[in-house]
Amino acid sequence: MSTAHSARLPDAAAPDRGERAAGARLRRGGLRFGRRLQLVGAAFVLPALLFFLAFKFGPMLWAMELSLSAYDMVSAPRFVGLENYAKLAEDPVFRASLINTFVYIAGSTALITLAGLALALAINTAVPGARHCMTAMFLTNLMPIIAVTLVWRFLLHPFGLVNQLLQPFGVGRVDWLTDENLAMPAIIAVTAWRFAPYFMVVFLAGLLAIPKDYYEAAEIDGAGVVRRFVHVTLPLLMPTLFFVVVVSALLASRIFLMPYIMTGGGPGDATRVLSMLIYETGFSYLKMGEAAAISVVLFAIMLVFTVLQMQIFMRSERAHLR
Amino acid sequence: MTAASRAPARRPRPAHLRSLRRWLGAALLAALTVLVVLPILWMVTTSFQAGEKMFQLTTEWIPTVWHPENYPNALSRAAFPTYFFNSGVVSVAVMAGNVVFCTLAGYGLAKFRFPGDRFMLLLILSTLMLPLEVTLVPTFLVVYNLGWVNTYQGIFGPLLVDAFGVFLMRQAILSVPSDYIEAARIDGASELRILWQVVAPQCRPALAVLAVLSFRDSWDQFLWPLTVVSQDEYRTFPLGLVKFGEYYGNPATEQMAIAVLATIPVFLLFAVLQRWVNRGFGLSGLK
Amino acid sequence: MTHTKMTTAAGASRREVVRGIGAAGLGLAAGAATARRARAQARGPVSLSFWTFENPQQRPWIHKRIRLFTERNPNVRVDFQYFPFGDLGQKLSVGFATGTAPDGFVSQDWFMPTWLSRNLLAPLDVRKLGYASGEAFAADFPPAFVEGATHNGQVYGYPLWFYGFCNYLNTRHFAEVGLDAERDWPKSWEELGEVARRLTVKEGDRFVRQGFKFAMHAAQWTMIQFNPIFHQCGGRWFDAQGRCTINSEAGVRAMTIRASIARQYGAEDPADTIATNPLPQMDWLRERCSMFFCHPIPPAAITSQNPRMEQERYYRPVQYPGVERGKGYSTTYGFNLVVNARAPREKQEVLHELYRFMMSDPADAWADAAPFPLARKSGWVDNPSVQRFPHVAEIIRARDEGVPLPRTTVYNELADQVHRGVQRILLNRADIKATLDGIAAAVDRATEAARRG
């Protein structure tokens, strides 16, 4: 699953007294009962944990080992130390892909966050039909990515719908996917189209959780729409905002299909991202060691966002325990 | 805040102006919504168009001649019924796996204290940085060593549990009052029974969200099946769809027909679970 | 890259007719005799796996031959799998890595060095394929095909289909602008540009019709279409030390020619081409472009897309233009039947029998997969059904005169780099020399890495 929702974060922040009381009772409940429950609890977690060991941590350790080897999948791997990383450092395609990945992460995160927030604010006006509009827009998030990319490839064609719609505004022919300066922005826009409505829902949950009397108080103070947004909405929405930024960044750092189908990484290397490069290097050029080294780099990028994600989590947990 | 700025804001607007603003807002939002869903409408209408319409400069929103035969034609091009069936098997398995294992783990992490519980949670959360795109090569080697290349379990195995799902269920189960669980335990109910009869029913919204999202994400999978499947009978629909345009007589309009068919199952699942999903997202307050 | 579709009913009667002709071919009578003997042999059950690429005509023909073989040899079972054209190489690599590679498969000829450099293929015994000797085998094919299948004097591939590209003309468009396709077809690259310019129809900045277009969508097509221009300019992909020399003077000249149709003559729209269809010949079939370089196009495929064009025959293939007028040639490329070196001895034997059986009726292959020409010379060209086939002489000439793709273990890297370079030059007006320098440097890095293993 690519995304979680933060709607639970406010819940988590709300202290659950029942659970704390249960914990207290447990501690009083004597060793044998406690030990048994400990085992039961651990047993519940065990299947998932085993799964993660087999399919996440195991492969990652393996990837790290592979990244220090030359391996063409046919002959046995041969230890080469940091050679793969040295090769990457001097490879312009890797450098371009690394920069593209950062641009893509930054661009799509910003656009997803802004668009998601804007849509949520629009829905939150509670004008007639707002709820149906939300449901309709959420559908873009349920459309299979493969369908999204195929549809948008046609829409962004030099004579496609997008240019047709822009024509009345005096915009001439725009080669969205073949101009090296426009291809990445175009893919970012399509990414935002697919994912922003999801975060719209997340933001909306955050907005709904803000008590109405805060707004009423601000209104009595004479605050206009903008001031109310800046002084009431935004501070209270901060945790949600932070969450959205981190999750969409995590999402963007692993994206593969959108550039793969829409531009094939081109024109030139203009939209090649690290996940594409891993696949290409490993399965097309049979350089599994080098592919593993790229994986480790991508892993390091994601680590940053994951640590941020955990900090949000820890903060909400602390609030929870307070 | 100064007194001067306070004064004008207090003046209430006339009721008819308010209502006008409301309807104007509604119209704007509706227009925005149409714009957002326009590509979906385009996909649907194009799937009923004649093949050569794709080369025209203008978009014909309502086909002058409808071509519903695009659908049977498209389905017969390749083994699309098989591909859809395979995608269905895999996605239902992933959905079931996530619902079961994430709920188990979420329950264990939310309602039990044992040594290392916090560490386990962080460990699970840390797998968010290890998507299949990163671990593609070694994961393939793991699946190969299990003898799962070209099997259903090979496709859905590595997708069976997701850290977000565990997190989601843990957070949901946290808000189930522990008193209920205690009461059931004192009544002598087994732990699994408690989970099934006391905890799960309280978490329906979260379970609905988990079901929809895990189904969607599995339905979306492309890179992994591409890597692990080398027999036609196990291909999933995205693999078929990507290669669809490569042969003669596969017009883009038929490609859109497959795209429409591929979209329907996710929409349907969402429609069925929508009541719960909205609550799961914390939108019960939405008017 | 892809091929073409033609619905063919493999008529048994026709097969019987042509079998007699096929049997007259070199060594085939002997082949048939051993086939009969093989059938009589009592043997334990053998389970083979066989992979090929997807193509609406060629794949069904191979499947049919395998089915016929297993009917005659009930002890043999064949697990038959096929993959999209562009995926086959990668699937085989993964298969070799994991020990799941098939016992026998169809290899694209440009992948032969990849397999051979890693000792993944078993040598073939040409006598068991029905040839009297190695010389007889070599004599049955144009030299380039055998060369690509040979390594250290050993034969590793049985060339199946090989073909060149032709320039497909829309003769009605020629007539429309006052040209006679029979006489005025472009014989040099300058003529191609001039003719394409005359054939182009524009509406503002939009091409209603491109006079000519190059494929832009896939590295393999870029290579096939560019390779002969480079050769005609006197270029070679690698020098004696193995360094990539695409940035030589010849390379710059060839790429300048490649770019001239768009840059100089304004007769194609690369951004439109790349964005429309994964099948680049579709625009030609739909008459959105007047000339296109393509592998043989089956008449049935033309009928399915543009019935009038086939009925009225207002098209024809001609040879590639040349740097020297009238001396143009294209790339010739194809497919070999090969055997996995790790397949057990017994399976290798059966695969030899299977391949001999598959090829024992070349006229049947033509009947089902025309106009894709077989690699071999014997057993089919004289067949009246071949001779009657429209433009068959041009198709066979393109096959025989073409130059092969570069045979290198870094083919994928090379092809990807050239493809991206062409994109930069055509779509983003990048400098030709600088781009070619970049390609050469990247390929050299790949070569160096491959050497270190």
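Annotated spans and surface of a predicted model

UniProt, in an unreviewed entry, lists "transmembrane region" for residues 37–55, 102–123, 135–155, 182–208, 229–252 and 291–313 of chain A. The model discussed here is predicted.

Visitor: What makes residues 102–123 of chain A a helical span in this model?
Guide: The span is 100% helix and 0% strand, with its end C-alpha atoms 31 Å apart. Residues 291–313 of chain A are also 100% helix and 0% strand, and there the end C-alpha atoms lie 32 Å apart.

Visitor: Which residues of chain B does UniProt place under "transmembrane region"?
Guide: The unreviewed entry gives residues 20–44, 83–107, 119–143, 155–173 and 256–277 of chain B. Such annotations may be inferred rather than shown by experiment.

Visitor: How do you know what secondary structure residues 20–44 and 83–107 of chain B have in the model?
Guide: Residues 20–44 of chain B come out as 100% helix and 0% strand, with 34 Å between the end C-alpha atoms.

Visitor: How many helices and strands does chain B have?
Guide: Chain B has 14 helices and zero strands. Its pattern along the sequence is α-α-α-α-α-α-α-α-α-α-α-α-α-α.

Visitor: Why is Leu41(B) called partly exposed?
Guide: Buried means under 20% relative accessible area and exposed means over 50%. Leu41(B) has 41% relative accessibility, so Leu41(B) counts as partly exposed. This residue sits in helix H2 (residues 15–46) of chain B.

Visitor: What share of chain B is buried?
Guide: Of the 287 residues in chain B, 61% are buried. The accessible surface of the chain is about 11,600 Å², with 65% belonging to carbon and sulfur atoms.

Visitor: What share of the contacts in chain B join residues at least 24 apart?
Guide: Counting contacts between residues at least 6 apart in sequence, the share is 74%.

Visitor: How do you know what confidence the predictor gives chain C?
Guide: The mean pLDDT of chain C is 88, and 89% of its residues reach 70 or more. Residues 1–38 of chain C have pLDDT below 50, although this stretch has 83 contacts in the model beyond near neighbours in sequence.

Note on methods
Residues are numbered from 1 along each chain as its sequence is written. Chains are lettered from A and ligands numbered from 1 in the order in which they are written. This is a predicted model: local features need pLDDT of at least 70, side-chain atom pairs count only at pLDDT 80 or more; totals for chains, interfaces and linings use all residues. Side-chain values use heavy atoms; hydrogens and water are left out. Helices (H or I, at least four residues) and strands (E, at least two) are DSSP runs, numbered from the N terminus. pLDDT is the predictor's confidence in each residue, from 0 to 100. Contact means heavy atoms within 4.5 Å. Buried means under 20% relative accessible area, exposed over 50%, partly exposed in between (1.4 Å probe, protein chains only). Accessible areas come from the Shrake-Rupley method with a 1.4 Å probe; for residues, only the protein chains shown count as cover.
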